[in-house]
Amino acid sequence: MMAAHAPVTWAQEQAAPATQEVPQAPVLMVDRNRLFAESAFGRAAEARYQAESEALIAENLRLEQALEAEERDLTDRRATLEAEAFQQLAADFDAKAEDIRTAQDAKSRAITAKREEDRQRFLQAAVPILGDILREAGAVAIFDKDMVILSLRGVDITDEAIAMIDARLGDGTALPQAGGATDDPGVELAPVPAPEGQSAP
């Protein structure tokens, strides 16, 4: 039974400053969004996503400008071309433009898929570390903070988890590709919805 004098806070309230001591409690909380976003792994992954997204935006703009210039040139040449020849050139242009847009859409989907893959690789690698925290605290479960209505302030282990994850995983460059299971047979990962994020352009 939890002590009556323990400070109580709503789950949405900002956590107290981090300590490196893991709280001793039967149930712990972690802010899954912060865990990824504030870890070295998550910051590196997000920086890659932003760089790839910005590069794609710039590429899309260059291609769109090139297509607009080609379309204007074709329009200017219309008066000097036979109707059949112009229709063929116009059809070729439309097919080219459609192919380019299809290819760019595929690149956008690939960037988004890579972002989600990075999140999955991070979560898979973080689970054994969270399992160590779980055992150290003598706890039986770790809940996502966003799914908790009321909690004790002291059972949020997000800061401690980030510090431990950074120490073991770094920016994640040495990790293998995402797999299907955690390496810790004593820890079961409950399925939870992925955090919402912006899609690539």
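Rings of Phe, Tyr and Trp, the last taken by its six-membered ring, count as a pair if their centres lie within 6.5 Å, and the planes are called stacked when under 30 degrees apart, edge-to-face when over 60 and tilted for the rest. By this rule, three aromatic pairs are counted in the structure, which is a predicted model.

**View 1. The tilted pair of F36 and F41.** The rings of F36 and F41 are 6.4 Å apart from centre to centre, with 55 degrees between their planes, and they form a tilted aromatic pair. F36 is buried, its relative accessible area being 6%, and F41 is likewise counted as buried, with a relative accessibility of 0%.

**View 2. The edge-to-face pair of F36 and F122.** Here the ring centres of F36 and F122 are 5.3 Å apart and the planes stand at 75 degrees, so the pair is edge-to-face. Because F36 belongs to helix α1 (residues 32–37) and F122 to helix α3 (residues 83–137), this pair ties together parts of the chain that are 86 residues apart in sequence. F36 and F122 are both buried.

**View 3. A charged group over the ring of Y49.** The charged end of R115 sits over the ring of Y49, at 3.9 Å from the centre of that ring.

**View 4. Helix α3 and its kink.** Helix α3 has 55 residues, and the distance from its first C-alpha to its last is 79 Å, which is close to the 81 Å expected at 1.5 Å a residue. Within α3, a kink of about 30 degrees lies at V127, shortly before the proline P128. The helix is followed by G138, a residue whose phi is positive, near 70 degrees.

**View 5. M29 in strand β2 and its separation from D146.** M29 is found in strand β2, which covers residues 27–30, and at 4% relative accessibility M29 counts as buried. Although M29 and D146 are 117 residues apart along the chain, their C-alpha atoms are separated by 9.2 Å.

**View 6. Helix α4 and what covers it.** Just after α4, G170 takes a positive phi of about 60 degrees.

**View 7. The chain as a whole, for orientation.** The chain has four helices and four strands, which follow the pattern β-β-α-α-α-β-β-α when read along the sequence. Of its 201 residues, 33% count as buried, and the accessible surface of the chain comes to about 12,600 Å², with 56% of this area belonging to carbon and sulfur atoms. Among the contacts in the chain between residues at least 6 apart in sequence, 91% join residues that are at least 24 apart.

Terms used: Residues are numbered from 1 along each chain as its sequence is written. This is a predicted model: local features need pLDDT of at least 70, side-chain atom pairs count only at pLDDT 80 or more; totals for chains, interfaces and linings use all residues. Side-chain values use heavy atoms; hydrogens and water are left out. Buried means under 20% relative accessible area, exposed over 50%, partly exposed in between (1.4 Å probe, protein chains only). Helices (H or I, at least four residues) and strands (E, at least two) are DSSP runs, numbered from the N terminus. A charge sits over a ring if NZ of Lys or CZ of Arg is within 6 Å of the ring centre and within 35 degrees of the ring normal. Contact means heavy atoms within 4.5 Å. Accessible areas come from the Shrake-Rupley method with a 1.4 Å probe; for residues, only the protein chains shown count as cover. The expected span of a helix is 1.5 Å times one less than its number of residues. The bend at a residue is the angle between axes fitted to the seven residues ending there and the seven starting there.
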